[in-house]
Amino acid sequence: MRLHVCEWGDADGPPLFLVHGGSDFAGTFDVFAPLLADAGWRVISWDHRGHGDSDHAALYSWDADVRDALSVLDSTTPDAVPVVAHSKGGGMMLQLAEALPYRLSKLVVIDGLPSRDPAPDVSDHEHRKFTQKTLAEWLDHRRAAHINLRKPGTLEELARRRKRMNPRLSDDWLRYLVTIGARRDPDGWRWKLDPAIRFGGFGPWSPEWSLQRLKELKVPLLGLTATVEEEMGWGTNHRALLPYLPPRAEIIPFENTGHFIHIEHPQRVAELVLEFLR
Amino acid sequence: MTVFLQHNRVKLALHTLREAPGPRLLLLHALGDRSPERLSGEVERWPGAVYALDFTGHGSSSVPAGGGYTAEVLMGDADVALAAIGPATVVGRGLGGYIGLLLAGARPGEVRGVAILDGAGLAGGGDTPGPAVVRGVPGALSAPDPFALVELGSDLRPRQYVRRFAELATEHSPLANPIAVCGRQRPAWLEAVLEVPGVVEEPLEAALQRFAAFG
């Protein structure tokens, strides 16, 4: 399977990895990544399987995403590397850091630390109250997955649809995202995200487990948390997290900020990341 | 006769082991296994048509690149077969028994009883997560897919999660006892399923007679 990898900055600089969240793509780092690259880092990110310009896969799972992540790291360097990860990407990297504690040198998680509630952009984790209707709808979607296409629209229409999930982001930015995250078909623009991937779902994972395991993390951790709830947000409550934090971890809540902290405040987040990586 | 059904990007092999009028039976194989070539044992006495499905990465079904197997997606495999043949009784061995139970909870009107038998992959990866591992395998693109063996042999099956499927099956099925546990293995999830009212332990032959009588 081919994964689409993006780079910003000097190819000879020390590598720094950015990881996007569920239903997202690496192009959403196009403002934030150059700020890190300007400080001398070779910034690398990739589109997860089924997302952006990476191949659409037959199968999707959390473990496959973590394995894909490791293959991108391995294709760059065998050394321990710093990683900045957003949303579901944060959860994936916490698992990678736990499995291979010497593969990551430092970890920044942007609104993706575990919370007691299931994360909406993770399709294969437990949703506690799934019903027979939820299951039947999910199976109906699977039955039609081979013929489903994303709904076409004008660039403006796709930007407006995205606005419902990202109400705090500017219209100009959302229109720009369409030009990267969508493709232009004869009948209109369509998001490249594999239509087989569904937002939300069910599966045998309890968010509580991620929380319990956070304490064991060996990699130095900086967490940035949002304070305004959004559809794609993880609802992480930073006060509830404090008892589970590993030693040397730091959590910084961003007041009056939604799930995409690095898009709302690119300069401030870049400064904090560069300071943490120093 | 074998037909191929499309499930997302995977071609699933559905074998017809016997064509006949009357109630339909769908066989789901164990982890790493494939559909039988001919009928044998208790299922031979089934009074209607008998079908057998090869799961993704198994038997004559296609083997995708890069793994990503979950029990839930295999439930989707079985559901695609159900859509092709119509309402049916399900007999599953090992992993197939677990998938049959999930499907009975998700499609209680179309699964006319499920019999869970011993076999490879019945237990899965247990009830709670062990140490975090990044699971990779040498990339052989042939069935059974090594990714399937590794990922489905270690997928978590928490008691409360699995129990919910059994509850949905017994609550919504037109059968009084839609889930029959016919094997001897008792992984933690199956113990939890047995606590649900309406789930019974009985020999396969008795279960099949009950399910066939329903039609």
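## Contact between the chains

In this predicted model, the contact draws 32 residues from chain A and 36 residues from chain B. On the side of chain A that touches chain B, α2 (62–76), α3 (88–99) and α4 (132–143) of chain A each supply at least two residues. The largest share of that side comes from α4(A), with six residues.

Sorted by class, the side of chain A that touches chain B holds 19 nonpolar, six polar and seven charged residues.

## Helix α2 of chain A

The 15 residues of α2(A) should span 21 Å, because each residue is counted at 1.5 Å; the end C-alpha atoms of α2(A) are 22 Å apart, which agrees.

Buried residues in α2(A) are A:Trp62, A:Asp63, A:Ala64, A:Asp65, A:Val66, A:Arg67, A:Asp68, A:Ala69 and A:Leu73. The partners against which the buried residues of α2(A) pack are β2 (15–19), β4 (81–86) and α3 of chain A, together with α3 (146–152) of chain B.

## Nonpolar cores

In soluble globular proteins, nonpolar side chains tend to be buried together. Here the largest nonpolar core has 76 residues, and those with the most contacts inside it are B:Leu26, B:Tyr51, B:Leu53, B:Ile99 and B:Leu101. Beyond its neighbours within four places in sequence, B:Tyr51 is in contact with B:Leu14, B:His15, B:Thr16, B:Leu17, B:Arg24, B:Leu25, B:Leu26, B:Leu27, B:Ala81 and B:Ile85.

Another core, of 52 residues, lies apart from the largest one; among its residues are A:Phe17, A:Leu73, A:Val109 and A:Leu217. A:Leu73 is also one of the buried residues of α2(A).

Technical notes. Residues numbered from 1 in each chain as written. Chains lettered and ligands numbered in written order. Predicted model: local features only at pLDDT ≥ 70, side-chain atom pairs only at ≥ 80, totals over all residues. Contact = placed C-beta atoms within 7 Å. Helix = DSSP H or I, 4+ residues; strand = E, 2+ residues; numbered from the N terminus. Nonpolar A, V, L, I, M, F, W, Y, C, P; charged D, E, K, R; others polar. Expected span 1.5 Å × (residues − 1). Buried ≥ 20, exposed ≤ 12 C-beta atoms within 10 Å, placed from the backbone. Core = buried A, V, L, I, M, F, W, Y, C linked by C-beta atoms within 7 Å.
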